[in-house]
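Let's walk through this model together, moving from charged pairs to a sheet, then to a core and a few loop positions. Keep the viewer open as you read.

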Amino acid sequence: SDPLRFLSVDGSYNESFWGTELKLKGKVTNSATIADYKDIVIKITYYSKTESVIGTKKHTIYQVFPPNQVKEFKLDVQNYEDVESIEFELVGATPNN
């Protein structure tokens with residue numbers, strides 16, 4: 001019942017040709033033995049060159065994540081001006097009953 005205990009996210013990103021979008025490629029690992037989850041929420045934090053937070057945005061990935069599996073995802077997200085780096089983290093999911 002505690003998705004954040006069993007789910008983790010890892011990945012990378014690069015800027016689109018025009019710089020208006022960021023292309024994220026990642027993997028979600030579900031380490032639970034019997035529980036599967038769906039509709040995970042990933043929070044993206046945008047940082048400037050001085051490591052100040054420019055903004056945050058949440059995105060939902062509408063997939064089912066079975067137990068003891070790693071699943072890949074791709075997201076195209078808005079980029080902001082003066083972004084030097086981003087961080088993304090898993091902040092929520094729904095148990096799949």
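Start with a charged pair: the side chains of Asp76 and Lys23 form a salt bridge, with 3.4 Å from N to O. Here a salt bridge is a side-chain nitrogen of Lys or Arg within 4 Å of a carboxyl oxygen of Asp or Glu. The pair joins distant parts of the chain, since Asp76 sits in strand 5 and Lys23 in strand 2, 53 residues apart. Strands are DSSP runs (E, at least two residues), and helices are runs of H or I with at least four residues; both are numbered from the N terminus.

Before going on, some housekeeping: this is a predicted model, where local features need pLDDT of at least 70 and side-chain atom pairs count only at pLDDT 80 or more, while totals for chains, interfaces and linings use all residues. Residues are numbered from 1 along each chain as its sequence is written, and side-chain values use heavy atoms, with hydrogens and water left out.

Back to Lys23, which also forms a salt bridge with Glu21, the closest N and O atoms being 3.9 Å apart. Glu21, Lys23 and Asp76 are thus linked in a network of salt bridges. How accessible are these three? Lys23 is partly exposed at 33% relative accessible area, Glu21 is partly exposed at 32%, and Asp76 is partly exposed at 48%. For these labels, buried means under 20% relative accessible area, exposed means over 50%, and partly exposed is in between (1.4 Å probe, protein chains only).

The count of salt bridges comes to three, and one of them is between the side chains of Glu89 and Lys43, at 3.7 Å from N to O. Glu89 belongs to strand 6 and Lys43 to strand 3, so this pair ties together parts that are 46 residues apart in sequence. Glu89 is partly exposed, with a relative accessible area of 33%, and Lys43 is partly exposed too, at 24%. As a general point, side chains of opposite charge can pair when their charged atoms come close.

Three strands make up an open sheet in the order 1-2-5, with antiparallel pairing. Two strands count as paired if DSSP finds at least two bridges between them. Strand 1 (7–15) and strand 5 are the edge strands, each pairing on one side only. On average, neighbouring strands of this sheet are turned by 20° against each other, direction ignored. That angle uses axes that are lines fitted to C-alpha atoms (for helices over the stretch in contact), with angles running from 0 to 180 degrees between N-to-C directions. Strand 2 and strand 5 pair in the antiparallel sense over ten bridges, and Lys25 stands opposite Lys74 in strand 5.

Next, look inside. Which residues have the most contacts inside the largest nonpolar core? They are Leu24, Ile40, Ile44 and Ile86, in a core of 20 residues. Strands 2, 3, 4, 5 and 6 are the elements that give two or more residues to this core, and its largest share, five residues, comes from strand 3. A nonpolar core is a set of buried Ala, Val, Leu, Ile, Met, Phe, Trp, Tyr and Cys residues joined through side-chain atoms within 4.5 Å.

Leaving aside neighbours within four places in sequence, Leu24 is in contact (heavy atoms within 4.5 Å) with a list of residues including Ile44, Phe73, Ile86 and Phe88. The C-alpha atoms of Leu24 and Phe88 are separated by 9.3 Å, with the two residues 64 apart along the chain.

Finally, two loop positions. Asn79 lies in the loop between strand 5 (69–78) and strand 6 (85–95), and Asn79 is buried at 10% relative accessible area. The side chain of Asn79 makes a polar contact with the side chain of Glu15 at 3.3 Å. A polar contact is a pair of N or O atoms within 3.5 Å; within protein, one must be able to donate a hydrogen and the other to accept it, and residues adjacent in sequence count only if both atoms are side-chain atoms. Ser48 lies in the loop between strand 3 (37–47) and strand 4 (53–65), and is buried with a relative accessible area of 13%.
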